[in-house]
Structures are given as structure tokens and as C-alpha cells.
Amino acid sequence: MPELPEVETTRCGIAPWIEGRQVARLIVRQRKLRQPVPRRIDRMLPGCAIAGVRRRAKYLLLDTDKGTAIIHLGMSGSLRVVKHAEPPGYHDHFDMVLNDGNALRFRDPRRFGLLLWTTSDADRHPLIRHLGPEPLGGDFDGDYLYERARGRRLAVKNFIMDGRIVVGVGNIYASEALHGAGIRPSRPAGRISLARMERLAGQIRDVLQAAIAEGGTTLRDFAHSDGSPGYFRQQLAVYDREGHDCLRCATPIRRVVLGQRSTYFCPACQR
DNA sequence: ATGCGGACCTGTTAGC
DNA sequence: TGCTAACAGGTCCGCA
């Protein structure tokens with residue numbers, strides 16, 4: 001489900017419901033996520049006031065007066081604000097019960113998500129420290145991409161999906177941005193001109209921004225914190241459109257596998 | 001250092 | 001209809 005736009009949509013959806021509230025208790029029903037939910041968060045989080053919800057890459061950071069809860073949605077995770085009394089489903093792995101009768105409920109069938117706790121600067125946490133710049137921030141542009149690509153023979157799609165290069169570009173939007181930039185996903189990153197890298201950086205920003213504006217992409221079960229879908233799917237130009245006509249040149253879209261992930265492109269207008 | 005494959009899980013869908 | 005295989009939005013690790 002979640003790429004950066006979906007995580008940002010989630011952040012905006014839950015923030016008004018949890019900011020300024022106190023966590024009454026934490027109910028963990030399933031500790032086995034991508035990493036085990038640490039025991040100490042059960043002791044540390046209750047009593048904490050949630051000061052704000054930030055996003056770094058695809059991590060959601062819940063800042064409190066005593067530390068920061070780090071949440072990742074993995075492939076299939078979602079967060080919703082529910083009435084505490086609402087009975088949890090089988091894949092509802094934890095609830096942060098708030099002092100107003102609501103609960104922030106985490107659901108994740110595949111359990112690739114995370115709940116961690118840090119008492120120091122979250123940006124220095126081992127999972128976050130090594131991450132590259134935010135694609136919507138000021139440190140990301142074509143010059144940057146071009147410089148980082150020097151000497152790299154990796155396919156550009158895998159290159160832009162590497163979180164150490166730039167964060168938040170997942171499998172859907174990688175294909176979309178490359179189509180927008182007219183670059184073939186399999187092209188070695190180091191063999192792309194500066195001018196084309198500038199186009200690519202611009203497309204990455206534009207695609208992510210547009211997806212955020214539409215509330216993310218709903219493919220299967222992605223839903224907002226209020227249960228409504230995202231509408232960006234209607235604007236996808238290549239993703240999951242194998243055999244359909246390219247919206248730009250009418251050539252049939254092709255699907256290939258790169259880095260073990262489905263990749264969609266137009267063989268005519270992407271070089 | 002780089003690039004590749006495998007690993008972690010479960011649910012849904014396509015195909016026979 | 002029923003079984004099996006392929007596939008799914010992410011990321012980390014270890015090996016060559």
C-alpha cells in the first residue's frame with residue numbers, strides 16, 4: 001500500500017486526532033513485525049503527550065515529551081483513528097489508546113511494518129540516519145542525482161528507489177516518474193545526461209506532489225484514516241497498464257521485472 | 001563500493 | 001468449483 005504520498009496522506013489524516021492528546025495505554029497484540037516491538041515502549045509511551053506527527057521518508061515519527069515513536073507501514077500497513085471500544089480485527093497489531101476515548105489503530109496483514117521507540121533524536125536512529133534527501137525538499141534536484149549517479153551501472157529505476165540516494169520513491173511512482181521524464185527504467189544511472197536528470201528530478205517531485213494532492217493511490221486496500229480511498233490511480237500513466245496504450249504515443253505499455261519488482265514503461269517514448 | 005538475490009509475512013487473484 | 005502459483009505498494013542483509 002504505502003509509498004510516500006500514502007504515508008503523507010496518513011500523517012495529515014491522523015494528526016488532528018492525536019496531536020495534543022495523551023496516550024493512556026498501548027495495547028500490543030502482535031509483537032512480531034519486521035522487527036519485534038520493543039518491550040520498553042509499553043512502559044515508556046503511556047502517559048506521554050503527543051506533541052506532533054512528522055514524516056521522514058516513509059517513517060512516521062510521533063514526538064512526545066519523553067521520546068519518539070517510530071512507525072513504518074511496510075507494504076500493507078495502515079493507521080486509523082477508531083473508537084477505543086471498536087473490536088480489533090485479526091491484523092490490528094497495536095492500539096495507542098488516547099485519553100479522549102479514541103485509539104490510533106495499526107493494521108498490517110503482512111507484518112512488514114514497524115513500531116519502535118527512541119529517546120534521542122529520531123533523525124539519528126540507525127534506520128533513519130543513512131537516508132538520502134527528501135524528494136520534496138530543497139536538497140534534491142537534477143544536479144544532485146547526476147552527481148550521485150557517476151560511475152553507477154545500476155538501472156536508473158533501482159537507483160531512484162534506493163533510499164540512500166533519495167527517499168520515498170516506491171515502485172509505483174518510480175515507473176511513473178521515469179515515464180514522465182522519457183527515460184527507460186533499465187538505463188544505467190550513470191549514462192543519463194544532466195539535462196535528463198533534471199527532468200527526472202522534476203518528474204519525481206511532480207508525481208509525488210500530485211499523488212499527495214489526490215490523497216494517494218488506492219490499488220487494493222489502501223484507505224485513509226477515515227476509510228476513503230485515494231484517487232491518484234486514475235492518473236497513473238504506466239503502472240499496472242501492461243498492454244494498454246501509452247497516453248502520450250499510443251504504443252502498448254510493457255512490463256518487465258527489474259530488481260525483482262514489476263516495472264512498466266513505454267518502449268517508444270522512453271529511451 | 002557496487003549490485004544482486006534472498007529474506008521477512010499474508011492475502012488476493014490468475015490460471016489450469 | 002477447487003487447487004496452485006504468481007504476485008502485491010518496502011526494506012534490510014549477506015554474498016560475490
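**Sheets, helix packing and DNA surroundings**

In this predicted model, β5 (78-83) and strand β7 (residues 102-107) pair in the antiparallel sense over six bridges, where pairing requires at least two DSSP bridges between two strands. Strands (E, at least two residues) and helices (H or I, at least four) are DSSP runs numbered from the N terminus. Residues are numbered from 1 along each chain as its sequence is written, while chains are lettered from A and ligands numbered from 1 in the order in which they are written. Because the model is predicted, local features need pLDDT of at least 70 and side-chain atom pairs count only at pLDDT 80 or more, whereas totals for chains, interfaces and linings use all residues.

**The four-stranded sheet**

- The open sheet is formed by four strands in the order β1-β6-β7-β5, and its pairing is antiparallel.
- The edges are taken by β1 (23-28) and β5 (78-83), each of which has a single partner strand, so one side of each is left without a neighbour in the sheet.
- From one strand to the next, the twist averages 20 degrees.
- Helix α1 (residues 4-18) lies across β5, β6 (92-98) and β7, and runs at about 30 degrees to β5; angles, from 0 to 180 degrees, are taken between the N-to-C directions of axes fitted to C-alpha atoms, for helices over the stretch in contact.

**Two linked hairpins**

- Strand β2 (residues 50-56) runs antiparallel to strand β3 (residues 59-64), to which six bridges join it, and Val53 stands opposite Leu62 in β3.
- Two residues separate β2 from β3 in their hairpin, and in the turn Ala57 has a positive phi of about 55 degrees.
- β3 also pairs in the antiparallel sense with strand β4 (residues 68-72), over five bridges, and here the bridge partner of Leu62 is Ala69 in β4.
- The hairpin of β3 and β4 has three residues between its strands.

**Helices that pack against α7**

- Helix α6 (residues 171-181) and helix α7 (residues 194-213) have axes 8 Å apart and pack at an angle of about 130 degrees, which makes α6 oblique to α7 (roughly parallel is under 35 degrees, roughly antiparallel over 145, roughly perpendicular 65 to 115, and oblique the rest).
- In the contact of α6 with α7 (C-beta atoms, placed from the backbone, within 7 Å), Tyr173, Glu176, Ala177, Gly180 and Ala181 in α6 meet residues of α7 including Arg196, Arg199, Leu200 and Gln203.
- The residues of this α6 and α7 contact divide into eight nonpolar, two polar and four charged (Ala, Val, Leu, Ile, Met, Phe, Trp, Tyr, Cys and Pro are nonpolar, Asp, Glu, Lys and Arg charged, the others, Gly among them, polar).
- The axes of α1 and α7 come within 9 Å and cross at roughly 40 degrees, and Leu4, Pro5, Glu8 and Thr9 in α1 meet Leu208, Ala211 and Ile212 in α7.
- Five nonpolar, one polar and one charged residue make up the contact of α1 with α7.
- The axes of helix α4 (residues 142-149) and α7 come within 7 Å and cross at roughly 120 degrees; α4 and α7 are therefore oblique to each other.
- Gly142, Leu145 and Tyr146 in α4 meet Leu194, Met197, Glu198, Leu200 and Ala201 in α7, a contact with six nonpolar, one polar and one charged residues.

**Surroundings of DNA strand B**

- DNA strand B is surrounded by residues including Lys32, Arg110, Arg111, Phe112, Arg152, Arg153, Asn158 and Gln260, a residue being near if its C-beta atom, placed from the backbone, lies within 6 Å of the strand.
- By class, the surface near DNA strand B has three nonpolar, three polar and five charged residues.

Conventions:
Contact = placed C-beta atoms within 7 Å.
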